[in-house]
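Me: I would like to learn how to read pockets and salt bridges in a protein model. Please take me through them one at a time.

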Amino acid sequence: AGQAAMPALNAAGVVLCVYSPLAVIFYELVLPHPYRVILALTSAFAYIVALMAASAVWILVPARVSHPLMLVAIGAPVLELGRYATYRVYERVQGSVQSLRGAKAAASGRQSPAQRFAERMGAITALGFGISAAHALLLTGRTVVSSALPGLQYHAGCSMSDQSLDALMALAFVVLQMAWTVAAFLRTFPQPSVARWLLLVGSHALASAITALPAVLPGRPWLACGGLTVPTLFGLAACVSVVALRAAWLDLEENVRLSRQLEQ
């Protein structure tokens, strides 16, 4: 009975590791607002289209120069261009929504800076959720199925199963995709600069390169077992999260300053 229950426990562990944070975000921040549900679906669709575009470019690369790091060099810029396209659509939709709400807002009184900030962050969180959920499903769809089968897969000399390693990597990318979206929508796209674009695309390329290292350097247990890749990926996620939090704080300060200027 214990052996029969192991596949279910393995699958449950993978699902909970990756999707429990997404489930909380969806239930608490996205689902109560139909507008945010639409934004999440839009960003997920845009991410999948960008991924297909990156795959199409990859197919055109000659086989003699095909390399996992070449896929990273192609994929990161294309996916960030897809994020930028999502931002442009969001700005147009947001402008239309704000104009429709104008009369209602005037009747109920001017929104406070905290209210404007919360509404904007809720919409950006929904967009980041859509991208994160689409990425997680693509990364772990096969992993969830394989973890439900009898037995676990291990690399030679590894104490962590392949399914557990894939789940941890996917969880790190959930954090990264959320943080990239917040930082990009609040700073990189509205106030573009070469440095900000390099930081966005470079950090994305670095995260993808970290996941590709076991394929680039095979036969090294310290890479295949996640001893280096998992801590490095979560460290990068922490750094990008700090950048995103700083962008959110600066946006809140700007809302407060503009509100004070209007009151004077």
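Me: By class, how many nonpolar, polar and charged residues does the lining of the second largest pocket have?

Reply: First, the source: this is a predicted model, where local features need pLDDT of at least 70, side-chain atom pairs count only at pLDDT 80 or more, and totals for chains, interfaces and linings use all residues. Residues are numbered from 1 along each chain as its sequence is written, and side-chain values use heavy atoms, with hydrogens and water left out.

Reply: On a 1 Å grid over the protein atoms alone, a pocket is an open set of points where a 1.4 Å probe fits, with protein on both sides within 12 Å along at least five of seven lines; lining residues have an atom within 4 Å of a point. Ala, Val, Leu, Ile, Met, Phe, Trp, Tyr, Cys and Pro count as nonpolar, Asp, Glu, Lys and Arg as charged, and the others, Gly among them, as polar. Here the lining has nine nonpolar, two polar and three charged residues.

Me: Which residues lie nearest the centre of the second largest pocket?

Reply: Of its 14 lining residues, Ala183, Thr188, Arg196, Leu199 and Val243 lie nearest the centre. Two or more lining residues come from each of helix H5 (162–188), helix H6 (194–216) and helix H8 (229–263). Helices are DSSP runs (H or I, at least four residues), numbered from the N terminus. H8 gives the largest share, six residues.

Me: How many salt bridges does the rule count?

Reply: A salt bridge is a side-chain nitrogen of Lys or Arg within 4 Å of a carboxyl oxygen of Asp or Glu. The count comes to three. One of them joins Glu80 and Arg83 at 2.8 Å, N to O. These two are three residues apart in helix H3 (residues 68–108), so about one helical turn separates them.

Me: Is Glu80 buried or exposed?

Reply: Buried means under 20% relative accessible area, exposed over 50%, and partly exposed in between (1.4 Å probe, protein chains only). Glu80 is buried, at 0%, and Arg83 is buried too, at 3%.

Me: Which parts of the chain does the pair Arg187 and Glu254 tie together?

Reply: Their side chains meet in a salt bridge of 3.0 Å, N to O. Arg187 lies in helix H5 and Glu254 in helix H8, so parts 67 residues apart in sequence are tied together. Arg187 is buried at 9% relative accessibility, whereas Glu254 is partly exposed at 22%.
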